[in-house]
Amino acid sequence: MDGITIALSKGRIFEETLPLLAAAGIEPLENPETSRKLIIPTNRPDVRVVIVRATDAPTYVQYGAADIGVAGKDVLIEHGGEGLYQPLDLKIAKCRMMVAIPAGFDYERAVRQGARLKIATKYINIARDHFAAKGVHVDLIKLYGSMELAPLAGLADAIVDLVSTGGTLKANNLVAVEHIIDISSRLIVNQAALKLKRERIVPILDAIAGVVGA
Ligand code: PRT
Ligand code: MG
């Protein structure tokens, strides 16, 4: 496609990216929460938005199926960032990657005693690096969602997950014991598209940089 394709996920990333696109003069013509369309036209005939799963945004941009996208730092670390230019921290969809345990589990003591811990997470790479740096032996159990359930159901001793308000941990009687990394979403750009469609992409990047204060 000769125009510009922007990959966004539904929910918080779409909502929080809207004002940034508006600053670049781009307005999607439909709301993905109510429309079932996966390709959404915008007020600019040469710009369209494709709706992808949050974890798939880097893949679409890496292979050039989208020129630009938005992805959480969590998703980018797990993906590896190959083929992606990451010019801007958009400072949206902010949260923290944490280790959490069931209330009452003496995590510090287990770590001190060199226990081998079972950790359930969607973020295998982040969790592996974190526990390796601490010298803690872990068995990582890959999950695709509802990590909070794992310690309650006896699947794991602890989880590595994102926390924003802390409400989900609290509702499930879990407590955060370690902060791994602060997370926000970044703009990602296909490196070849940036060269080939420079005169169209750079003004969009500049307008967004202007509103995020970069
Ligand atoms: O939901 P789905 O399975 O479709 O995909 P997804 O979870 O990957 O997408 P989405 O839209 O939920 O998240 C997109 C991005 O938003 C993530 O990649 C993060 O970078 C960012 N983000 C910011 C969050 C949160 N805050 C967040 N709180 N992503 C997930 N959560 C979840 C968290 O996993 C936990 O289950 O919300 C729950 C905790 O929230 P609190 O407010 O109760 O602490
Ligand atoms: Mg989600």
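1. A polar contact is a pair of N or O atoms within 3.5 Å. Keep that cut-off in mind for the contacts below. The model is predicted.

2. Start with Thr168. An N or O atom in the Thr168 side chain lies 2.5 Å from an oxygen atom of ligand 1. Taken alone, ligand 1 exposes 810 Å². The protein buries 77% of that area.

3. Now look at Gly167 and Lys122. Gly167 uses its backbone: an N or O atom there is 3.4 Å from an oxygen atom of ligand 1. Lys122 uses its side chain, with a polar atom 3.5 Å from an oxygen atom of the ligand.

4. How many residues surround ligand 1? The count is 21. The closest are Asp74, Ser164, Thr165, Gly166 and Thr168. By class, the shell has eight nonpolar, six polar and seven charged residues.

5. Which elements supply at least two residues each to this shell? They are helix H1 (12-23), helix H3 (73-79), strand E9 (158-163) and helix H7 (167-171). Strand E9 gives the most, with three residues. Find E9 in the structure, then trace the other elements around the ligand.

Terms used: Residues numbered from 1 in each chain as written. Chains lettered and ligands numbered in written order. Predicted model: local features only at pLDDT ≥ 70, side-chain atom pairs only at ≥ 80, totals over all residues. Heavy atoms only, no water. Near = heavy atom within 4 Å. Polar contact = N/O pair within 3.5 Å; in protein donor to acceptor, adjacent residues only side chain to side chain. Areas by Shrake-Rupley, 256 points an atom, 1.4 Å probe, with all protein chains shown as cover. Helix = DSSP H or I, 4+ residues; strand = E, 2+ residues; numbered from the N terminus. Nonpolar A, V, L, I, M, F, W, Y, C, P; charged D, E, K, R; others polar.
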